[in-house]
Every structure is written in C-alpha cells, then in structure tokens.
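Hi everyone, thanks for coming. Today I'd like to walk you through one structure, and please stop me whenever a term is new.

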Amino acid sequence: MKKVDARGLSCPQPVILASRAIAEGYDSFTVIVDNEVARENILRLTKNKGLKAEIRKEGNDTVILVEK
Amino acid sequence: MSEFFASRKGIILAGGIIGILASLLQYLGNPPNMGICVACMERDIAGAIGLHRADIVQYIRPEIIGFVLGAFLSSLIFREHKPRGGSAPMIRFFLGIFAMIGALVFLGCPWRALLRLAGGDGNAIVGILGLTTGIIGGVTFLKNGYNLGRSHSQKSLSGWIFPALMLGLFLMLVFRIEFYAGGPIFFSVKGPGAMHAPIWISITAGILIGVVAQRSRFCTMGAIRDVLLIRDYHLISGVGTLLIAAFGLNMILGQFHPGFEGQPIAHTDHVWNFLGMTLSGLAFVLAGGCPGRQLFLAGEGDMDAGIFALGMIIGAGIAHNFALASSPKGVAAFGPAAVITGLIFCLIIGFTMRDKMNT
C-alpha cells in the first residue's frame, strides 16, 4: 500500500503530500505524522474530500489510513 | 478544549479574542493601529537591547514575550511541547531577516496590516494585496515541490531555550536594568516606542493570545495560503473574525479613521507598500508561518521557528541601522534595494530547495 511519510515535515507539507496521493488516484493509502497539527490538518483534508480516515498510534507517530 | 480549538468555532473564537485584545491594547496605550504588530514589536525589542539606535522605537514589548510563554505553557499542559529542529536553520534565519525588512518597508506585519485596515488605513489594502501576491508566489513553489527538509527531535531541554530568552527579556523589562550609563536597556521617551499599555495588561493579553493561538494554530499567512493551495477556509475564518472584531471595537472606541493620507505610522508609497509585503508574504510561506505563528511554534519547542524569529529581530536591527526601514515620511534610501535583494534571495531559495516529486 502507498505510504506517505510526513514525519518531521512542517505545515503544510503533510497536507501537500496527502493531497498529491489523492490526486494520483490512490484509493487507499497511509499517512504517517509525528505531530498533532499535521494530524488535525490531514483529518480536515480527508473530511473536506469526503474520504474515510482511520487513526492509530504507533509509538510517537500517528498512522492515518485514508480510504475512499 | 483540545478538540474545540481545532474546530471552525474554535478558530473563530481565537480570531475574535485576538481582534478584541488588539483593539483594547491600542486603547490602553499601544501605538495607533498597532495594538499588536509582531514585526513592529520585535523591532522595538531589537532597539531596546541596542541592536539599532532608532530612539523612537525602543521598548521590550511584553506582548511578544507573552505569545511565546503562552504557547509554551499551553503546549506543556496539552502535551504538545516537542523540541525539534534541524530543518535548514540558516536559510530560515535569512528568511526571517528579509521578512522583517519587507515588513518594515511597509510598516507592519500581516497582523498589523489587518489592524491598520480595521483602523481605516487604506494603505493596508495595498499591503494585503502585496502580501497575497507574495503568498501566491510561495504557493507556486510549494506546488512544485519546495521543501526545506525534515526536522528532527531534539533533547527535551532544547525547547526551553527560546522561552527562557523571553523570560530573561521580561525580567529586564520589569527591573529596567541599565547596563552602563547611557547604554541599554533603551526605552523610548517619545514616538511609538514610548506608547504602550501597562506591562501587566500587555503580558496577560500576550499570554492569553499565545494560549488560544497555540491551541487553534492561528496563522495569518497560512489563512491565505490554505485558501489558495487547498481551498481550505478554516484558518481564514479566524483571520476574518479578527478583522471584524477589531473593526467593531475600533468603531465603539473611536479608533476608526478612514483614509490614505496621514494615517498613523504609515506612508502612502503604494509601490513599496505592495512590494514590501510581497517580500514578507513570500518569506513567510517559504518558512511555513506568519511571524506570530513562528513565535507560537518556537514556544512549542520548534527551534527552526525560533531561528526564524531571531532572524526577524536581527533583521530589524539591520533595517534601522542601514536605512532600509520606512518612516511616516516615506520609504528610506536603501529600502527598495533591500526589498529587491530579498525577493531575489527568496526566488533562489524557492527554485532550488526542492524535493523530487515522487516522495
């Protein structure tokens, strides 16, 4: 599955990378983020685009599974 | 509270609080249309510690200190304090310098551009158009893969350095230390630097704004950027509320005076008002946040944002020492050259700092 590693990237990079994955036509992919702002921004993006998002913690990182 | 401030209502409340406090701070003594101006206030701090000797703009502004300490406390309480750094600090330092130079050619950062507009200063419209132009440029770079690289976690105490610096400045303000006769700390006796709300009110307002802005991720540049880049209207609803709240309270307090000529701490050179803010807007996008947001991030432990803020303070020293900063009389001798230099710098950074598209 497509993985977007957005750890250590500052705003708005995580959202840009996720948007690009959506634009490239992936039906499902994961985004890994390591801060709360990026998590909120990705969730707002998926909500705006009408996509499903499932969140789980992996250590200090947050993994967001994005699906159509 | 954590989830609330991430919501649309949360950002609107944050914008409203900031707008009201800005208008009130002006009413209580801060300079006209400058209830809050991150750039101007950092410039006053630079003057107070002697980085420049423009004697009308020297004061340790407690609002700036409050922004950082409020965000610091908030991030500790909500477990978001996360020391990090190492994403092109030197470039961020210079982006900070040029962002400040652009702001001082216009005479205000994006925060003050909004507050100038809320006070009736028509020149602010030109500035905001310039700001938007700079942000459009920055968004174009972002769309083409511009990226300063990843930051990395740092040791936990690293994130305390910038807040500690702010605390030190606050102590120097409270105790008014004179390091030698005629030396720093300098406090203006006339001009905008001599105009300020009582210290305890300023610091309290600053801390309050620091907390709500840290929670809500309030960012003036980000508001426009998000609309252009991803059609997201979240942040701009907060910025719009700031404008409306400050305008409304200015009307009530008699602080609204519409016009272009003779506006307080402003000039009417449209070309350089526009281009000064274009430079700032571009530099803010390339660095990832408006000057306020950089302070809140620095409070959260983001050392790269702290470096940008230090760049802005040094940039203020440079702007006043080398005749780059405008005055109400107009643009200074070397202001235009510095803006052009800054734009060239930002364009080079924007074109060259790119990741491959397939990340």
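This is a predicted model: local features need pLDDT of at least 70, side-chain atom pairs count only at pLDDT 80 or more; totals for chains, interfaces and linings use all residues.

Now, the empty spaces. Rolling a probe the size of a water molecule over the atoms shows where empty space is left. How many cavities of 30 Å³ or more does the structure hold? There are four of them. Which element gives the most? That is α10(B), with four residues.

Let's move to the second largest cavity, which holds about 100 Å³ of space. Here 16 residues form the lining, with S10(A), Q13(A), R92(B), L148(B) and L286(B) closest to the centre. Helix α12 (residues 270-287) of chain B gives the most to this lining, three residues. By class, we have nine nonpolar, six polar and one charged.

Next, let's see how the two chains meet. Contact involves 23 residues of chain B and 22 residues of chain A. Between them the chains bury about 1,900 Å², with 45% of that on carbon and sulfur atoms. Six residue pairs are in polar contact between chain B and chain A, counting pairs with both residues at pLDDT 80 or more. On the side of chain B that touches chain A, at least two residues each come from α1 (2-6), α7 (123-143) and α10. Of these, α10(B) gives the most, with three residues. That side of chain B divides into six nonpolar, seven polar and 10 charged residues.

With charged residues in mind, what about salt bridges? Over all chains the count comes to 19, and four are between chain B and chain A. One salt bridge is formed by D232(B) with R44(A), where the closest N and O atoms are 3.7 Å apart. Another joins D34(A) and K82(B), with the closest N and O atoms 3.7 Å apart. This pair crosses between chains: D34(A) is in the loop between β2 (28-33) and α2 of chain A, while K82(B) is in the loop between α4 (62-77) and β1 (84-85) of chain B.

The largest pocket contains about 850 Å³ of space. It is lined by 43 residues, and D34(A) and K82(B) are among those nearest its centre, along with N35(A), E36(A) and R84(B). In chain A, the elements giving two or more residues to this lining are α1 (13-23), α2 and β3 (52-58), and in chain B they are β2 (152-153), α13 (291-300) and α14 (303-321). The most comes from α2(A), with five residues. By class the lining has 12 nonpolar, 15 polar and 16 charged residues.

The second largest pocket has a volume of about 360 Å³. The classes here are three nonpolar, three polar and eight charged.

Last, a few backbone details. Most residues other than glycine have a negative phi, and most peptide bonds are trans. Where do we find cis peptide bonds? One joins C11(A) and P12(A), with omega about 5°, and P12(A) sits in the loop between β1 (2-5) and α1 of chain A. Finally, R79(B) is not a glycine, yet its phi is positive, about 55°. You can find R79(B) in the loop between α4 and β1 of chain B.

Key. Residues are numbered from 1 along each chain as its sequence is written. Chains are lettered from A and ligands numbered from 1 in the order in which they are written. Side-chain values use heavy atoms; hydrogens and water are left out. On a 1 Å grid over the protein atoms alone, a cavity is a set of points where a 1.4 Å probe fits but cannot get out, and a pocket is an open set with protein on both sides within 12 Å along at least five of seven lines; lining residues have an atom within 4 Å of a point. Grid points are joined across faces, edges and corners, and a volume is the space filled by probe spheres set on the points. Ala, Val, Leu, Ile, Met, Phe, Trp, Tyr, Cys and Pro count as nonpolar, Asp, Glu, Lys and Arg as charged, and the others, Gly among them, as polar. Contact means heavy atoms within 4.5 Å. Buried area is the accessible area (1.4 Å probe) that two parts lose on being put together, summed over both. A salt bridge is a side-chain nitrogen of Lys or Arg within 4 Å of a carboxyl oxygen of Asp or Glu. A polar contact is a pair of N or O atoms within 3.5 Å; within protein, one must be able to donate a hydrogen and the other to accept it, and residues adjacent in sequence count only if both atoms are side-chain atoms.
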